[in-house]
Structures are given as C-alpha cells and as structure tokens.
Amino acid sequence: MNNLDYGWLGKLSGDSLVFSKFLEQPSISEAVASAAGSIVILAMVVIPLLITRYQFWGTLWRDWLSSTDHKKIGIMYIVFAVVMLLRGLLEGMVMRAQQAAAPEGFLHADHFAQLFSTHGTIMVFFVAVPFLVGLINFAMPLQIGARDVAFPLLNQISLAVTVSSGMLMMVSLVVGEFSTGGWSAYPPYTGADFSPGVGPDYWIWAIVFSGAGTTLTGINFTVTLYKCRAPGMHLFRMPLFCWTVLCASTLMIFAMPPLSVAALMLALDRYLDFHLFTNDLGGNMMNYANLFWLFGHPEVYLLVLPAYGIFSEVFSTYSAKTLYGYKSLVVATMCIAILSFTVWLHHFFTMGQSPTINIAFGIATMLIAVPTGVKVYDWMATLYRGRIRFTTPMVYAIGFLILFVIGGLSGVILANPTVDFQVHNTLFLVAHFHNVLIPGVLFGILAGYNYWFPKAFGFRLNDKWGKRSAYLWFAGFMLTFFPLYGAGLLGMPRRSFSYADLTFKPYMVIAFIGAMIVLAALIALIVQCWVSIRDRDKSRVPIGDPWDGRSLEWATPAPVPAYNFVEIPRVTDRDAFTEAKEHGEAYKRPKFYRDIELPKNNPLGFIVCVASGILMFALVWYIWWLALISALTLLIAVIASTFRKETEYRIPAGQLEQEMEAWLALIDKTEPVARDLEDSPRNLGYARLDL
C-alpha cells in the first residue's frame, strides 16, 4: 500500500492496542506487555487527578512548565530522567528474569527483542543524557557566576522536545510495538521489508527530535561557558566540572548530527522507498554503521566527561583539598574529547575492513585510555592525605574508581582486533560497556544528585539511606554484570532470549539475583528521597554551604533565588568561594543594590512539547492530516513568540536588599558547623572552613 493511501487514522486500528494480543492469545508474555501498558494509562489518569485534588495546576504552570529559570529546567530534566530510569531498569529486570528462566522462559522472542531495544534507547537517550543535562543546567551557570544560560528560551525548548520524545517512548507501550532492531537500529533489518510495522518509526522520531534537543543544548552550554563567565573567571579558573561540560557540549554539537542524519536517511528508506541502505539497489549498509558509531562512541564520552567533572568536585570537596593536577585534568579532558572521534570503527572490527585500518583504530582505542588513566591518578593524589569525609557522594566516587578501572581495562583488551573478533557479539561486550557506563555515568549522576540536592531544595538528603542505596548499587551491579564476562567468554551471544547450552544457566541465575539487588538499590533511593522530604525540617540548610564547598554555587542561599547572585561576583582564584572564605569576604554586603532583569515565563516550551509529541505520533502512524496540523502549530507558535515585546521582568533593588539582609542576618546569628557535625540538625548550611 502506498504511504498516502491510508485512511483518516492511518495505520491505527483496534488491533494496535497492546491489550488486543492478550485478548486474542493469552500468555505470560502478553500479560507482561499489557501490564506495562496499563501502568502508563493508570499514570495518565492518576497524575492529573492528584494535581487537581491538591490544586497544584496553577503552581505547576506558573513555577515550572512555563519557567525559563535554568535551575527549574534542570530539575525538570532530572525528574523526567528518574521516571524513564524506572522504566529502563524494570525492563532490564524482566530481561534478566527471562534469561534466568531459559531455556523455557516466559517471553516471546519479539517481546524480548523489543525490551532490549527500548532498554538501550531509554537508558542512553532518556536517562543518562537528560539526567546529566539537568545537573549541568542547575550547577554550571552558578559555578561560573552567571544569572542564567545564554539562551533561556532555547533551554526550555530543548527540554520540551526531549520530554515529548520520551513520552512517545511511553506511548509505544500502549499503542503498537517498539522496534526489535536494538538501540542501534541497523538496516536492513529495520527497513520496511523486514520490519513493516511501526516499531522502527517510533525509534526514528524519538531519536531525531531528542537528538535535535541535545544538539541545541550543546550550543546553549557552549555559548554560556564562553560568553557568560563572571569577571575574572578566565578559562583556567573555571571549576573542572565546567571544563568537562565544555568538552561534552562540543561533542553534543558535532556527534549528534551524524545520528540524526542516519535516522532521517532510514526514515527516507522506510517512508519514501529511497534504498539508501540497500546494497543491491545502489545503497550501502555500512554507511549507516559508520554514521551511527561516528555518533555512538563520542556519545560514551559525552556521558562520562560530565560525570568525571562531578567526581572531581566530590573528591576535592570531601577531602578538603584543591584538586590535584588541575591543568593535567583539563588537558586530559580535551584529549579524550578529540580522541573520541577517532575510535568509532572498533565497533565493527569484524565487518570486513583491512587489517591496517583495524590496527589504526585499535591503537587509537588504546590511546584514549591514557588520559583517563591520568585522571584516575590525579583523583587518587587529591585524596592522598586529605581529610576525607565518607559522605554518600564520596562513597559513589570511591566505588567508581574501583569498578570503572576494571571496565576500562576490559575495553583495552577489546581494543585488540584479534581478541575482539573472538568475543564480538557475546555477553562479554555487554559486561564491558555496562562496566563503563554504570560506574562511570550512573554513579556520577547519583553522586551529583546527592551533592547538589540541598542547594536545589534547601535541605539535605538522608545520608544513611543514601549509603545503603550506594552499597546496594555496587553489589547489584557486580552480581549482575561480572558473570556476563564469564558467559561471554564461554560463547553466549548477546540479545539471546533463550539458549540450549545449560552451561550458561548458573551465570544467568546469578545475574538475575544481582538485578533484584539493583531493584532494591532503586527502592532504597526512593526511600531516601521520601525520608528526606519527611524529615526536611531537621536538615534544612538555608545559608547554602553544607559541605564547605569550594566553587561559587555554594556562595548563594538554598534554595537559590531566581537571580542567582544579588551582585555578580569577581573571581580571582580557581577555588573562588574557598578563597573568599579565607579572606573573610564570602558573605559580603554589596555596596549598591541594583534592579535585576530576568526573562519572563514563556508558554512556548509547553506548546512545543505537546505539538511535537502529536507530530511524532502522527508520523509514526501515517496520520498525515494530524501531522500537518501539528507541524503548522509548531511553526505558528515559534513565529508568534518572536512578536512578544515584554520578555523580561524586573526585580526591584528594594526587594533584593530585603532578601539579602535577611540572609546575612541569619548568617550572623548562626554558628559555623565543623565537618564532624555535617550530618546533624546543627548544620544550617554554614560550614566551618576546613584548611
């Protein structure tokens, strides 16, 4: 059928609902799929009812959905990422359960294939990226002494298209099926001939729109770091976190477009029969592989570099020392960013390149481990003879040091093309990249979440539950993925929903036990948040410096006001806030109070979110009239927003003076707290300087 010959509802029909298959052919596999779809529908009903019940619509719209404040946008990114993390981890549990129950199992092969496709796609694009972007959005402008990012409205739009893409992923649980082609979506399997359903189309449009949002974010962060730094903060006075963000933003700008191009070319193949990746009709499948991994390997460092920056902040703060080897860490970060574009071909060592090409990319892959090694030694030197505090962020950081090195060494082994040839497409590779991404990215995210939470909400997270969650993450991770090294060396292929060789069975059972511990870690994380909110009156830190912080974000009240700083600070040292505390200038009263202008709330982001979500759904299901209407809505909304004349509001100097004087009065009557009392109710965010 011609793509233009579908009716008013396109490919949609009653059979498109996930429940239809369960009603026709009941099975455990279909029951699992129906339960997942039911949870999405239940959430869509219950959440609006709760918002209505507690009369939260006005606050939600005024303070969040229409806000252009970088801090609130960052928090919304993180909330979105946590929701997607819940889904991604639960899908991982189901896959581990299936492999532990094999060879009988309980999932159909196609259902298992959908799970590993959605799990990979969600964890990379809709958990790791938005969580890191959220932390960057919150902390980076504060660290450089800025009032906001360079383009606040663009920041709002980037969040909008990311969320709408994630919601499209959620819709795929209810209507239709997701792709079975993996998170990389290799053609020809994802072409129209082999996958005529809508699964690959869900993947394509979610990736294209979220990729556009990430690219715009990279531009925004780069301009912010180059143009919005406080007076005196030259590049080598930036906190290391800002350096890692600068390099990661560069990767966003240059690594995301190849993926978007590859996805759009695949869309042309599927929608307009272009055959760009059909070998016998003039296309070339390897073009897709090259484009995807030209994005895919820089993507690893796009994720891990900001996490390196978080760990750098944690090591320095909780050892009460200046970061050792700052310049070498900066150079190492830039080397990683550059070398990340030279290693993509190691992802297809077995696909027929010449030995010379494989050797060149193998050497490049080994070389990229060198700057990472430099970082590890610098971090250990920072800890050496430091006055270390074993807080939750530090526990995550030390766990990262141990486990990430193991994952990195397994990567160096795989850099040898002859070794890679033997273990290619086995669970050894799955163990390796999880051994890099979970300690390197997830632990960094969780460390940053615990580290900056009091700055965002004005009270500390419960440290006991935080440590319990961290230890469960460590144990669960090791039990889940270390056995996969052994199973992979024995030859078990990845993406296997079943197997006949029962030699693999013990490894899969241990991995399933580990997955249950990971689930317990997630539950402990939720409990930590709930207990912290319940007991928030005992852990408030209104002065804003609960950890004896070293960079400028700790020089503000908690929660941080919309304007960030009453007066833009002047920077004379790399550890700007520590230097100010040493000279008694940390809480200095401004000579003059001046009005501050900030961007007004704007509904454009919400309109873009809704309209782009409808557009993607219409494109997936070939509902052309709806696609046209939503595309026109997007265009009209963007054009109309350019006619807004009043785009800023003014905070009067009198209000600023009143708020500042109240804060300074609180500081005057508060006793600084020593590091041993950091976790006590006496810690109001006024840490004693630890020299």
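How many aromatic pairs does the structure hold? I counted 51 aromatic pairs; rings of Phe, Tyr and Trp (its six-membered ring) pair if their centres lie within 6.5 Å, and planes under 30 degrees apart count as stacked, over 60 as edge-to-face and the rest as tilted.

I note that this is a predicted model, in which local features need pLDDT of at least 70, side-chain atom pairs count only at pLDDT 80 or more, and totals for chains, interfaces and linings use all residues. Residues are numbered from 1 along each chain as its sequence is written, and side-chain values use heavy atoms, with hydrogens and water left out.

Entry on W183 and F292. I found this pair to be edge-to-face, at 5.1 Å centre to centre with 75 degrees between the planes. The pair links distant parts of the chain, 109 residues apart: W183 lies in the loop between helix 6 (152–171) and helix 7 (199–227), and F292 in helix 9 (residues 285–318). Helices here are DSSP runs (H or I, at least four residues), numbered from the N terminus. I looked up F292 and found it buried, at a relative accessible area of 0%; buried means under 20% (1.4 Å probe, protein chains only), exposed over 50%, partly exposed in between.

Entry on F400 and F404. Their ring centres are 5.1 Å apart and their planes at 35 degrees, so I recorded the pair as tilted. Both residues belong to helix 13 (residues 392–414), where a spacing of 4 residues separates them by about one helical turn. F400 is buried at 0% relative accessibility, and F404 is buried at 7%.

Entry on a cluster. I traced ring pairs that link several residues, among them Y396, F428 and Y485.

Technical notes:
Helix = DSSP H or I, 4+ residues; strand = E, 2+ residues; numbered from the N terminus.
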